[in-house]
Amino acid sequence: MSEIILRQDVPLPRKQSVKMLQLPFEEMEIGESFEVECDVIPDGKIRSAASRYGAKLGKRFAVRRLDSDKVGVWRTE
């Protein structure tokens, strides 16, 4: 394992909000889906957003990795 180096005075990057990217969770009907490239939003953030929006809206979403750089989101209920 490589050596870990501690650094000072490195600014913390701004948090990227999924809401800022305007994903269409609220407008989705059952059976609809969309794709997101993982270099735009990491798939973990998509999964978290789908779970949060699902709980908030009383809807269910499924998230699946389509290939190495894309994730798909489906409204299931």
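Here is a short chat about one surface patch and some aromatic rings in a predicted model.

Reader: Before we start, what should I know about the model?

Author: Residues are numbered from 1 along each chain as its sequence is written, and side-chain values use heavy atoms, with hydrogens and water left out. Because the model is predicted, local features need pLDDT of at least 70 and side-chain atom pairs pLDDT 80 or more, while totals for chains, interfaces and linings use all residues.

Reader: Why is Met-1 called exposed?

Author: Its relative accessibility is 96%, and exposed means over 50% relative accessible area, buried under 20%, and partly exposed in between (1.4 Å probe, protein chains only). So Met-1 counts as exposed.

Reader: Why are Phe-25 and Phe-34 called buried?

Author: Phe-25 has 0% relative accessibility and Phe-34 has a relative accessible area of 14%.

Reader: What makes Phe-25 and Phe-61 an edge-to-face pair?

Author: Rings of Phe, Tyr and Trp (its six-membered ring) pair if their centres lie within 6.5 Å; planes under 30 degrees apart are stacked, over 60 edge-to-face, and the rest tilted. Here the centres are 5.0 Å apart and the planes meet at 75°, so the pair is edge-to-face. Phe-25 lies in the segment before β1 and Phe-61 in strand β2 (residues 61-67), 36 residues apart. Strands here are DSSP runs (E, at least two residues), numbered from the N terminus.

Reader: Which residues do ring pairs link into a cluster?

Author: They join Phe-25, Phe-34, Tyr-53 and Phe-61.

Definitions and conventions: Helix = DSSP H or I, 4+ residues; strand = E, 2+ residues; numbered from the N terminus.
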